[in-house]
Amino acid sequence: MLQDEIENAQRLVRTDAYQLSVGEIANMYKNGEFIINPDFQRLFRWEIGQKSKLIESLLLGIPVPSVFVFEREDSTWELVDGLQRISTLLEFMGELIDPTTSALKPPIALVATKYLPSLDKVVWEKSDQVLDVSIEEQIEFSGPQKLSIKRSRLSVEILKRPSDNKTKYDLFQRLNAGGTAANAQELRNCIIIMVNEDYATFMRSLSVSLDFLAVLSASEDQIEKQRHMEYVSRFLVHTYIQYGGKLDVEEFIDESIVELATQNETQHAGATFNTTFSLLNQAFGSDALRRIQDGNPTGRVGLAAFECIAVGVAKNITHIQSQPNPVEHVKQRIREFWDSQNVDNFFSSGLRGTVRIQRTVPFGENWFSV
């Protein structure tokens with residue numbers, strides 16, 4: 001059985017490999033033949049020290065990991081893994097397009113590295129567009145040094161078009177999940193875009209709902225790290241997909257959000273989301289998902305309360321709206337929820353996520369059905 005699964009999965013993947021020079025990749029990018037998804041590029045977070053070390057590696061002939069691309073229907077290549085490396089090279093050469101302005105990003109000046117301390121303030125070409133280093137201080141690469149970079153070769157692994165389309169985002173996830181450039185939700189955002197860009201736009205619209213943001217009480221730092229999008233993902237998945245109890249929670253969220261993006265049902269989901277958080281915001285505002293002790297809300301918003309209360313309300317939204325006073329009904333059920341003896345079962349230290357969601361989601365669904 002395992003061997004059959006291996007052989008079937010192998011048939012879904014067709015790959016090829018090329019050795020391309022940095023100059024060839026830069027030309028393909030300028031000609032629109034090498035695509036960096038703008039939403040992926042927003043995850044470009046390498047510090048200047050990391051960027052300088054990449055240039056150092058190329059100058060010293062130190063091997064650089066392979067770049068992975070997906071061959072699109074028009075035969076162009078879409079970058080799947082290697083964002084930091086390719087973006088750094090293009091940015092240093094002054095060829096990287098800023099996704100927010102569609103103009104070229106300012107080129108960078110390097111800093112000293114362990115083996116090449118003289119890289120400090122080195123630029124591809126002197127320019128008043130370089131940030132933080134005046135044109136008088138800049139040290140321009142010589143002609144031979146530029147040729148050395150342009151002729152440096154990178155291994156490009158190509159996922160060929162006949163491969164199952166799902167393989168593209170599977171590969172993206174597997175290659176990036178162990179890195180530090182993006183967190184789980186940022187990777188998930190990219191995967192959703194690959195599956196259905198319209199659904200990604202729909203999710204982003206939910207994430208900026210004023211009622212939702214008020215209830216979530218997310219800090220600017222949490223929003224920067226896509227915490228609000230993570231909670232949108234979890235809300236949609238737990239509301240519409242039954243957890244089977246086998247997958248790790250993150251894998252379950254990943255697979256389920258892909259399923260929802262493929263189905264692309266937004267009208268009912270959007271109405272349920274907006275009504276749920278409108279009710280919660282009217283009931284308790286930013287305290288709607290905080291534990292109530294001695295009549296006072298305490299602590300911070302956490303997953304267990306979100307899964308019990310927000311998802312519980314969503315799964316019973318029709319029943320709740322049929323009440324004479326839906327807001328007061330929700331408010332009363334939340335107060336009684338925190339007095340329930342079952343609550344401690346959801347907040348035990350060390351409780352595995354797989355166990356937690358098998359407790360919280362069903363309990364919340366049942367609790368708000370009354």
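Trainee: What makes helix α5 (residues 83-92) count as mostly covered?

Mentor: In this predicted model, 10 of the 10 residues of α5 are buried, where buried means under 20% relative accessible area, exposed over 50%, and partly exposed in between (1.4 Å probe, protein chains only). Among the buried residues of α5 are Q84, R85 and E91, along with L83, I86 and F92. Helices (H or I, at least four residues) are DSSP runs numbered from the N terminus. Residues are numbered from 1 along each chain as its sequence is written. Local features need pLDDT of at least 70, side-chain atom pairs count only at pLDDT 80 or more, totals for chains, interfaces and linings use all residues, and side-chain values use heavy atoms, with hydrogens and water left out.

Trainee: What follows α5?

Mentor: G94 follows α5, and the phi of G94 is positive, near 80°.

Trainee: Why is L60 called partly exposed?

Mentor: L60, in helix α4 (residues 48-60), has 40% relative accessibility and therefore counts as partly exposed.

Trainee: Which residues have the most contacts inside the largest nonpolar core?

Mentor: They are Y199, M203, L236, F277, L280, I309 and F337, in a core of 56 residues. Such a core is a set of buried Ala, Val, Leu, Ile, Met, Phe, Trp, Tyr and Cys residues joined through side-chain atoms within 4.5 Å. Helix α15 (residues 303-315) gives the most to this core, with nine residues.

Trainee: What does I309 touch?

Mentor: Not counting residues up to four places away in sequence, I309 touches L280, A288, L289, I334, F337, W338 and F368; contact means heavy atoms within 4.5 Å.

How values were computed: Helices (H or I, at least four residues) and strands (E, at least two) are DSSP runs, numbered from the N terminus.
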